[in-house]
Amino acid sequence: TSKKSRRQEVEMEKDENSVEQSNKQGSSAAYQKKLKKKRKLVEKEENTKAFAYRVAYTALPNKCLGESDTDYYLRFFGKYDPNMNEEKKNELYLRILIQYKGESVADYVKRIDYLFDNVYPQLDIRTKKLVVNLLDHYYREKYARLEKETEEKWFARVLTKKSGESPEKYKERVSCLQTILTDVKWGRVVIEENTDAGYRLITPGNKSC
């Protein structure tokens with residue numbers, strides 16, 4: 001083998017090693033970047049859960065004399081901006097869904113329903129399963145079983161379709177209920193979203209068709 005051809009072989013080996021090393025580094029860098037992104041998402045989700053579950057240390061501001069409910073909430077929570085990015089939306093959701101200091105359960109649930117019905121209908125997430133971690137506290141308080149309320153009566157109160165509730169919305173709401181309220185005997189229920197009631201109970205000893 002001539003010196004020239006041998007030199008070419010050495011150069012080719014160097015090039016191959018260089019490419020292989022570059023590929024390894026690139027793959028490693030891409031993997032680390034992906035891992036870092038995933039870690040951030042997990043941390044963000046955990047922080048969101050922690051925030052959503054606790055009661056705020058601050059109370060809602062006092063209402064001004066003659067101020068309407070809508071104006072009062074807009075003053076505190078701010079106006080809806082259609083150009084709001086996801087981060088800003090999440091911040092608003094967290095502020096809405098947290099229970100404030102001194103706020104009773106009844107007032108808390110009433111406030112959230114009023115906000116999504118009248119102030120921020122564009123942001124209504126009450127039946128969105130993808131954000132069920134944010135809705136946990138709201139669902140547990142709104143649909144808590146009353147004292148001396150039987151299971152059958154609870155099912156009737158919670159699962160009966162609301163006036164004007166579409167089959168799709170009803171099914172989404174029930175899906176959130178089933179995800180959050182895991183201690184309920186959902187095996188006793190058959191969801192029939194296209195019927196007036198929306199559900200039927202399976203009597204003990206009988207199996208659903």
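The dialogue below reads a few helices and loops of a predicted model.

Q: How is the packing of helix H3 against helix H4 described, and at what angle do their axes cross?

A: Two packed helices are described by the angle between their axes together with the distance between those axes. In this model the axes of H3, residues 86-97, and H4, residues 105-119, come within 10 Å and cross at roughly 145 degrees.

Q: Which residues of H3 and H4 make the contact?

A: From H3 the contact draws on Tyr93, Arg95, Ile96 and Leu97, while H4 contributes Tyr108, Arg111, Ile112, Leu115 and Phe116. Sorted by class, the contact of H3 with H4 holds seven nonpolar and two charged residues, with no polar ones.

Q: What span does H4 reach, and which of its residues are buried?

A: H4 has 15 residues and reaches 20 Å from its first C-alpha to its last, which is close to the 21 Å expected at 1.5 Å a residue. Its buried residues are Tyr108, Val109, Arg111, Ile112, Asp113, Leu115, Phe116 and Val119, and these pack against H2, H3 and H5.

Q: Where do the buried residues of H2 fall when the helix is seen down its axis?

A: The general idea is that an α-helix has 3.6 residues a turn, so residues three or four places apart point the same way. In H2, which covers residues 69-77, the buried residues are Tyr72, Tyr73 and Phe77. Seen down the axis of H2, these buried residues fall within an arc of 110 degrees, so they line one face of the helix. What covers them includes H3 and H4.

Q: Which residue just after H2 takes a positive phi, and which residue other than glycine has a positive value?

A: Just after H2, Gly78 takes a positive phi of about 95 degrees. Lys148, a residue other than glycine, also has a positive phi, near 65 degrees. Lys148 is found in the loop between helix H5, residues 132-142, and helix H6, residues 151-159.

Q: Is Lys148 buried or exposed?

A: Relative accessible area is the value to read here, and a residue counts as exposed when that value is over 50%. Lys148 has a relative accessible area of 79% and is therefore exposed.

Q: Where does Leu130 lie, and how far is Leu130 from Cys176 in sequence and in space?

A: Leu130 lies in the loop between H4 and H5, and at 86% relative accessibility Leu130 counts as exposed. Leu130 and Cys176 are 46 residues apart in sequence, and their C-alpha atoms are 9.2 Å apart in space.

Note on methods. Residues are numbered from 1 along each chain as its sequence is written. This is a predicted model: local features need pLDDT of at least 70, side-chain atom pairs count only at pLDDT 80 or more; totals for chains, interfaces and linings use all residues. Side-chain values use heavy atoms; hydrogens and water are left out. Axes are lines fitted to C-alpha atoms, for helices over the stretch in contact, and angles run from 0 to 180 degrees between N-to-C directions. Helices (H or I, at least four residues) and strands (E, at least two) are DSSP runs, numbered from the N terminus. Contact means heavy atoms within 4.5 Å. Ala, Val, Leu, Ile, Met, Phe, Trp, Tyr, Cys and Pro count as nonpolar, Asp, Glu, Lys and Arg as charged, and the others, Gly among them, as polar. Buried means under 20% relative accessible area, exposed over 50%, partly exposed in between (1.4 Å probe, protein chains only). The expected span of a helix is 1.5 Å times one less than its number of residues. The arc is that of the directions from the helix axis to the C-beta atoms.
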